[in-house]
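The tour below moves from the whole chain to single residues.

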Amino acid sequence: MATERTFAMVKPDGVRRGLVGTVVSRIEAKGYRIVGMRLMTIPREMAERHYGEHQGKPFFEPLVAFITSGPVVAMVLEGEDAIAGWRGMMGATNPKDAAAGTIRGDFATVIDENVAHGSDAPATAEREIGIFFGESGLID
Ligand code: CDP
Ligand code: MG
């Protein structure tokens, strides 16, 4: 049991489809505090850093092209067990496997456009928050 911070994002498909309000509403209803939030189009270099663990995989180039294809909403969430909790709210990476009631289960059909991102572990959360909010002074 511990208060954690995690990095969350509404991906370009979610923004294009008008799902920002729905996703933010679920986060607020759950009870996580949004301590940072910015709308931005991710520069390519930043996208490559964010998804660095996937460099060399066949989906890396399409993933970087997609994540830089339009604005995203990047957030820092804070709350009890927020890292695993937000992953649970998003559901499985592949929407085909994501349970109904999860964001990917309810709002996506294909893995390459799955609406939301969330850090997968404490070290990842720290790294990703640093990439998106590092020197910004934008975290409450
Ligand atoms: O986003 P998550 O941490 O659940 O999954 P990941 O394994 O870290 O992959 C990052 C993103 O790459 C996923 O959310 C998918 O959008 C995309 N991806 C893909 O397009 N094709 C795959 N075979 C695996 C991942
Ligand atoms: Mg991941």
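The model is a predicted one, in which local features need pLDDT of at least 70 and side-chain atom pairs count only at pLDDT 80 or more, while totals for chains, interfaces and linings use all residues; side-chain values use heavy atoms, with hydrogens and water left out. Residues are numbered from 1 along each chain as its sequence is written, and chains are lettered from A and ligands numbered from 1 in the order in which they are written.

**The whole chain**

Display the C-alpha trace, which spans about 35 × 35 × 25 Å along the principal axes. Then switch to a cartoon: seven helices and four strands make up the secondary structure, in the order β-α-α-β-α-α-β-α-α-β-α from the N terminus. These elements are DSSP runs numbered from the N terminus, helices being H or I of at least four residues and strands E of at least two.

Next, show the surface. The protein exposes about 6800 Å², of which carbon and sulfur atoms supply 54%; the areas come from the Shrake-Rupley method with a 1.4 Å probe, and for residues only the protein chains shown count as cover. Of the 140 residues, 45% count as buried, that is, under 20% relative accessible area, with exposed meaning over 50% and partly exposed in between (1.4 Å probe, protein chains only). Among contacts with a separation of 6 or more, 75% link residues 24 or more positions apart; a contact means heavy atoms within 4.5 Å.

**Strand β1 and its partners**

Select residues 3-10, strand β1, together with residues 72-80, strand β3: the two run antiparallel and are joined by eight bridges. Two strands pair if DSSP finds at least two bridges between them. Thr3 has Glu80 of β3 as its bridge partner.

Move to Thr41, in the loop between β2 (33-40) and α3 (44-50). Thr41 counts as partly exposed because its relative accessibility is 46%. Leaving aside residues up to four places away in sequence, Thr41 touches Thr68, Gly70 and Pro71. A distance drawn from the C-alpha atom of Thr41 to that of Gly31, ten residues apart along the chain, gives 27 Å.

Proceed to His54, in the loop between α3 and α4 (60-67). Its relative accessibility of 16% is why His54 counts as buried. Beyond residues up to four places away in sequence, the contacts of His54 are Phe59, Phe60 and Leu63.

Most residues other than glycine have a negative phi. Asp81 lies in the loop between β3 and α5 (82-90) and, at 42% relative accessibility, counts as partly exposed.

End at Val115, in the loop between α6 (103-107) and β4. Val115 is not a glycine either, yet has a positive phi of about 70 degrees. Is Val115 buried or exposed? With 0% relative accessibility, Val115 counts as buried.
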